[in-house]
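I opened a new notebook page for this protein. I wrote down what I looked up, in the order I looked.

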Amino acid sequence: MTSGPPSDPLPTTTVPHPVGTWSRAEWLALADRLLDAARPHASPGHALITFPGPTGGYGRAVDGLEGFARTFLLAGFRVAGARGRGVDELLDRYAAGIAAGTDPTSPERWVRLDEHPQAKVEAASLALILDLTRPWLWNRLSAPVQERVVQYLAPAVGDPTYPRINWVWFRLLVQTFLRSVGGPHSLDEMTEDLATHDTFLRPDGWMSDGPERAYDHYVGWALHLYPTLWARMAGAEDLAAGRRDADRAHLDRFLRDAVALVGADGSPLIQGRSLIYRFAAAAPFWVGAVAGVPSVSLGQLRGAATRTVRHFVSRGALDADDLLTIGWHGPWPGLAQDYSGSGSPYWASKGLLGIALPEDHPVWHTPEQPLPVEEQDVVRAVRAPGWLISATRSDGIVRVVNHGTDHAHEGADVGDSPLYTRLGYSTATSPVLDECGWSTPLDQSVTLVDGAGRATHRAGMRLLALRVGDDGIGVAGSRTLAHWLEPDPGQRDHGGGRAGRSWPAGHLTVYSVVRGPWELRLARVEDLAENVDAAGLRLVVGGWAVPDAGASTVHDGRLRVTGAGLSSRLDSVLGAGSPGTTTIPAGGPLGRSLTVPWLAYPARTGTWTAALVELSGGAGPPRRQACRAAPDGIGGQVTVDWPDGSTTTIRLDPDPTGPTGPVPAWARLRAPDRNEME
């Protein structure tokens, strides 16, 4: 990658962002608010906490168990940090709930692990906190209640049905606690679950939630959280002895990327499933403090946690009764997955893990430090998910350009999940999440659209390139067999793309050249499948979706949409792109509507198109000229004249060490003819 003159840094107008801090007392006050607000929704014996709202996808009994178990996480952190002092009422309340919930004759008895899979998830929280608070809670339970707890948890032993994703930790945590109290357990199964977890490890400390390319907040709030806390459980000492150093090193490396993904306003990336857990995204920062990672300072870890939790608390995540609702800032039920119920949002308790650290822990006496985005512009390659991070200090926005994450396997022919497969995500925007977001990709997409308006999907793409040069310019690329999809009816939404009957359109190659808030997006149709006529297709490039757009302007193929303090621009740079916008009512959790700018090009094979895609706060960086680009083939280079007058020349070669190789064969796949598609 080389730079041609002039190659000046982007001009910046720094917008101040509140640094502030929360004292430990303020953290405790927030925890107490949440716990006090939950109390009126408990059953008479305190075993079930059923929050207001529609019944969840798994029924009211599961909702009540979730409400207990997930607030029990928070109560346990509160008790542990206080070392059992001054929290007698809290201990009495949850001890009573445990006694009633494990009593098979009680009208408040908990759903058993062998009655519903969700009970396996909640049992892990019970086991983790019973171990963490052992001197103050477990030891005060009567012998009959302790025995009932063991009986309740025992079905985890010998159960092979735990999915081989983050759920392996639910079985392992339960068996580890059972082992510590002389209950049933299987060392073979515990060893198997640890080995399965190790298969999730990817480069640079990242983990995928299972064998698919599933990179999301579960990396932090589950796959790094549990190993650190599990290693401190009484029943894990010998099993953890040989793992602590490696697990800590993986966490340490991951956190170097994770702190760079937090916006200056504290917002996490709006990407991935289970977003209703909100400030659970702060959990890995506290885990880093617990583990004592060397590469990210306690001040930055605490600062990241504070900003993340404060982001939600200050923006309506707690309703008038201090309850967490299903949504992002305020309520937005469309953000739920099928497994979500009224108690589900309380996995956000993980984001308050820090209160389990006592008042004399160094983290409470270390000044908070700025986030990476608050200190300088960042362009950073993250190998495992295939992301380029682009963070700009002037507006505090963190964006990722995505060429490697789709919650699928390479070569899959499923539909795109808007939570995973879009070309870009940010801390300031939401993907389109209504039905059209699943069926007809538009925002942050490059698609082939036929005469009936059917847009192709890109899941199953192959990562071609991912790097940042010495000049700070990022390059990422991918190739996909673009395909149409007719989804199977009645599928449950667990976050991934939909399955169904698919047929190929042809191969698309997309490269992103990233500098500051700008992405030069180059796209080329490599070939078309049999029975697919280019004359009936458009190549559509979609930009960033803006909430509550107030205005859109078009001038000489340059399109700008503004709203909510954001500017989303889309400039046609190569090819004859026809601009347009689409507004989706109730399309996402950040506003009443989302507006997506797009450009439509003729679908010509072997020809590059290019668009300049920009997301910025306010008016964005100043522009001196129109962006221009001159590519020289996929194996060659592209010269870019940026809007600020800077020029760079970049090679688009696939990375020599990356997953390149030949274009995946699809010749055996034939697109259906028109009669078959009716």
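I started with a pair of residues: the bridge partner of Pro-547 in strand β17 is Leu-594. Before going on I noted the ground rules. The model is predicted, so to speak of local features I need pLDDT of at least 70, and side-chain atom pairs count only at pLDDT 80 or more, while totals for chains, interfaces and linings use all residues. Residues are numbered from 1 along each chain as its sequence is written, and side-chain values use heavy atoms, with hydrogens and water left out.

**Entry 1: strand β17**

Helices (H or I, at least four residues) and strands (E, at least two) are DSSP runs, numbered from the N terminus. I count two strands as paired if DSSP finds at least two bridges between them.

Pro-547 lies in strand β12 (residues 546-547), which pairs with β17 in the antiparallel sense over 2 bridges. Strand β11 (residues 538-542) also pairs with β17, antiparallel, over 5 bridges. There I found Gly-542 opposite Trp-598. Strand β16 (residues 578-585) runs antiparallel to β17 and is joined to it by 8 bridges. Thr-582 faces Val-596 in β17.

Is β17 buried or exposed? I used these cut-offs: buried is under 20% relative accessible area, exposed is over 50%, and partly exposed lies in between (1.4 Å probe, protein chains only). In β17 (residues 593-602), 9 of the 10 residues are buried, so the strand is largely enclosed by the rest of the structure.

**Entry 2: the open sheet**

I then traced a sheet. Its 8 strands form an open sheet with antiparallel pairing, in the order β7-β8-β9-β10-β18-β15-β14-β13. The edges are β7 (462-468) and β13 (549-555), each pairing on one side only. From one strand to the next, the twist averages 20°. For such angles, axes are lines fitted to C-alpha atoms (for helices, over the stretch in contact), and angles run from 0 to 180 degrees between N-to-C directions.

Inside this order I checked one pair. Strand β10 (residues 518-528) and strand β18 (residues 608-617) pair antiparallel over 7 bridges. Trp-518 has Glu-614 as its bridge partner in β18.

Strands β20 (residues 637-641) and β21 run antiparallel, joined by 5 bridges. Strand β21 (residues 647-651) is mostly covered, with 4 of its 5 residues buried.

**Entry 3: nonpolar cores**

A nonpolar core here is a set of buried Ala, Val, Leu, Ile, Met, Phe, Trp, Tyr and Cys residues joined through side-chain atoms within 4.5 Å. Which residues touch the most other members of the largest core? Of its 147 residues, Ile-98 and Trp-230 do. Helix α2 (residues 60-82) gives the most to this core, with 12 residues. A second, separate core has 27 residues, among them Leu-448, Leu-537, Val-541 and Trp-544.

I listed the contacts of Ile-98 next; contact means heavy atoms within 4.5 Å. Leaving aside neighbours within four places in sequence, Ile-98 is in contact with residues including Phe-68, Phe-72, Trp-110 and Leu-130.

Gly-76 sits in helix α2. At 1% relative accessibility, Gly-76 counts as buried. Not counting residues up to four places away in sequence, Gly-76 touches Ile-129, Leu-132 and Thr-133.

Ser-125 is in helix α4 (residues 118-132). Its relative accessibility is 3%, so Ser-125 counts as buried. Ser-125 touches Ala-69, Phe-72, Leu-73 and Trp-347, again not counting residues up to four places away in sequence.

**Entry 4: the whole chain**

Last, I stepped back. The protein chain has 15 helices and 21 strands. Buried residues make up 61% of its 678 residues. The C-alpha atoms fill a box of roughly 75 × 60 × 45 Å along the principal axes. Among contacts with a separation of 6 or more, 70% join residues 24 or more positions apart.
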